[in-house]
Amino acid sequence: IWGYTDGFGNEYALLCVHTGTSIINVTNPSSPVEIAFIPGPSSTWRDIKVHSTYAYVITEGTSAGRGLQIIDLSQVKNHQLKVY
């Protein structure tokens, strides 16, 4: 799990799960809302770190060539994410 705060002060939890990455708005911690799920290769191991407005997700699962995913979080408030 990793955190991200956008330029408007909204807080997000980025949660690595067996089949991808879940992005959850936790600005109101008593009412978290999953705003996106980015599928990835099935894996029991996945890690995530954020630098600037990009989340870097890595896994040893390489089906479909996706051992590394880069998620552009710059428009996360609008639920618009680009995945590279």
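This section describes the fold, the surface and selected residues of a predicted model.

The chain is built from strands. It has 8 strands and 0 helices. From the N terminus on, the order of elements is β-β-β-β-β-β-β-β. The radius of gyration is 12 Å, close to the 12 Å that the globule rule gives for 84 residues, so the chain is as compact as a globular protein of that length. The C-alpha trace spans about 35 × 25 × 20 Å along its principal axes.

Of the 84 residues, 36% are buried. The accessible surface comes to about 4,900 Å². Carbon and sulfur atoms account for 55% of that surface.

Charged side chains were considered next. The chain carries 5 positive and 6 negative side chains. The centres of these two sets lie 6 Å apart. Side chains of opposite charge can pair when their charged atoms come close. A search of the whole structure finds 1 salt bridge. Its partners are lysine 49 and aspartate 47, whose closest N and O atoms are 3.4 Å apart. A salt bridge requires such atoms to lie within 4 Å, so this pair qualifies. Lysine 49 has a relative accessible area of 39% and is partly exposed. Aspartate 47 is also partly exposed, at 30% relative accessibility.

Tyrosine 4 is found in strand E1. Asparagine 10 lies in the loop between strand E1 (2–5) and strand E2 (11–17). Tyrosine 4 has a relative accessible area of 9%, so it counts as buried under the 20% cut-off. Asparagine 10 is at 17% relative accessibility and is buried too, although it sits in a loop. Leaving aside residues up to four places away in sequence, asparagine 10 touches Tyr4, Thr5, Thr27 and Lys77. The corresponding list for tyrosine 4 includes Asn10, Glu11, Tyr12 and Leu14. It also includes Val50, Ser52 and Thr53. Leu73 and Val76 complete the set of contacts of tyrosine 4. The C-alpha atoms of tyrosine 4 and tyrosine 54 are separated by 9.5 Å, although the two residues are 50 residues apart along the chain.

Serine 52 lies in the loop between strand E5 (46–51) and strand E6 (54–59). At 55% relative accessibility, serine 52 is exposed. Histidine 79 also has a positive phi, of about 60 degrees, and is not a glycine. This histidine is found in the loop between strand E7 (68–72) and strand E8 (82–83). Histidine 79 has a relative accessible area of 52%, so it passes the 50% cut-off and counts as exposed.

Glycine 20 is located in strand E3 (residues 20–25). Its relative accessible area is 0%, so it is buried. Beyond its neighbours within four places in sequence, glycine 20 is in contact with Leu15, Phe37, Ile38, Pro39, Gly40 and Arg46. Glycine 20 and serine 74 are 54 residues apart along the chain, and their C-alpha atoms are separated by 20 Å. Glycine 61 is found in the loop between E6 and E7. With a relative accessible area of 11%, glycine 61 is buried. The C-alpha atoms of glycine 61 and leucine 15 are separated by 17 Å, and the two residues are 46 residues apart along the chain. Leucine 15 is also one of the contacts of glycine 20.

Note on methods: Residues are numbered from 1 along each chain as its sequence is written. This is a predicted model: local features need pLDDT of at least 70, side-chain atom pairs count only at pLDDT 80 or more; totals for chains, interfaces and linings use all residues. Side-chain values use heavy atoms; hydrogens and water are left out. Helices (H or I, at least four residues) and strands (E, at least two) are DSSP runs, numbered from the N terminus. The radius of gyration is taken over C-alpha atoms; the globule rule is 2.2 Å times the number of residues to the power 0.38. Buried means under 20% relative accessible area, exposed over 50%, partly exposed in between (1.4 Å probe, protein chains only). Accessible areas come from the Shrake-Rupley method with a 1.4 Å probe; for residues, only the protein chains shown count as cover. Lys and Arg count as positive and Asp and Glu as negative; His and the chain ends are not counted. The place of a charge is taken as NZ of Lys, CZ of Arg, CG of Asp or CD of Glu. A salt bridge is a side-chain nitrogen of Lys or Arg within 4 Å of a carboxyl oxygen of Asp or Glu. Contact means heavy atoms within 4.5 Å.
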